[in-house]
Amino acid sequence: MRLPLSRRARYFAVIVSVALCARGAEAQAPANRFWASLGGGFGHSGPSNSTGLDQFTGPSADIAVGVTMTSRGLVGIEVAGWRRSTPIGSSRSTFVSLTLIGYPFGSVLDNLYLQGGLGFGNASFPTQQLTTTPSRMNVTGPSLQVGVGYDFPIACPLWITPFFQSYGTFGGRRFTGAPLPAGDHESANAVLFHAGLLLRFARPGAPECRSRGAALGG
């Protein structure tokens, strides 16, 4: 069945419009909508306690990927990992978080971000604080992430980012009494504090790569 000329013209116009819209959307992706980062540094990790015993410093790594909600807000999945061979055994921790990154300030602090997230942590630590002989503490539980960093532009849309992050599981059993010294405590939770450098791929706003729009309250 042949369509009337006017209807065929309308269909052709619709097809052209859809094609143009699709091309426009393609031109925006992925730089305007997606971000990713990869980095490493050093971390301090171990069982959560008041003395820092059985906690050690070692290399850490961080990888994240997500989407851009606004020119000043990012959401994504972030994985941080740490490992160290200690005198009493191997020690490791891994945290996976749903993370939110916000750039609330303007002026010279335009690229300073604050970060928070929720997820879970998995860790295995040797410990000799709770027993007279070395033993091992295995931890798996919900975790909280807090972080801060600053993006320095190097080649749009790439940034070099010094960062600091703190992770900790919660809900683990609290230990007190012998063999812990008086006044000390430890819990069946894991902590990780790590700092380093990230290489971030992110285009906060188009067409200006470095423009994040108005700051909060600005």
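This is a predicted model: local features need pLDDT of at least 70, side-chain atom pairs count only at pLDDT 80 or more; totals for chains, interfaces and linings use all residues.
Local features need pLDDT of at least 70 and side-chain atom pairs pLDDT 80 or more, while totals for chains, interfaces and linings use all residues. Residues are numbered from 1 along each chain as its sequence is written, and side-chain values use heavy atoms, with hydrogens and water left out.

Begin by selecting phenylalanine 95 and tyrosine 167, whose ring centres lie 5.1 Å apart with planes at 25°, so the pair is stacked (centres within 6.5 Å; planes under 30 degrees apart are stacked, over 60 edge-to-face, the rest tilted). Phenylalanine 95 belongs to strand 4 (residues 89-102) and tyrosine 167 to strand 8 (residues 158-169), so the contact ties together parts 72 residues apart in sequence (strands are DSSP runs of E, at least two residues, numbered from the N terminus). Phenylalanine 95 is buried at 0% relative accessible area, and tyrosine 167 is buried at 1% (buried is under 20%, exposed over 50%, partly exposed in between, with a 1.4 Å probe and protein chains only).

Stay on strand 8 and select phenylalanine 164, which is partly exposed at 39%.

Next, select aspartate 110 and arginine 72, which form a salt bridge at 2.2 Å, N to O (a side-chain nitrogen of Lys or Arg within 4 Å of a carboxyl oxygen of Asp or Glu). Both aspartate 110 and arginine 72 are buried.

Finally, turn to arginine 200 and aspartate 151, where the salt bridge spans 3.3 Å, N to O; arginine 200 sits in strand 10 (residues 186-201) and aspartate 151 in the loop between strand 6 (135-150) and strand 7 (152-155), 49 residues apart.

Terms used. Rings of Phe, Tyr and Trp (its six-membered ring) pair if their centres lie within 6.5 Å; planes under 30 degrees apart count as stacked, over 60 as edge-to-face and the rest as tilted. Helices (H or I, at least four residues) and strands (E, at least two) are DSSP runs, numbered from the N terminus.
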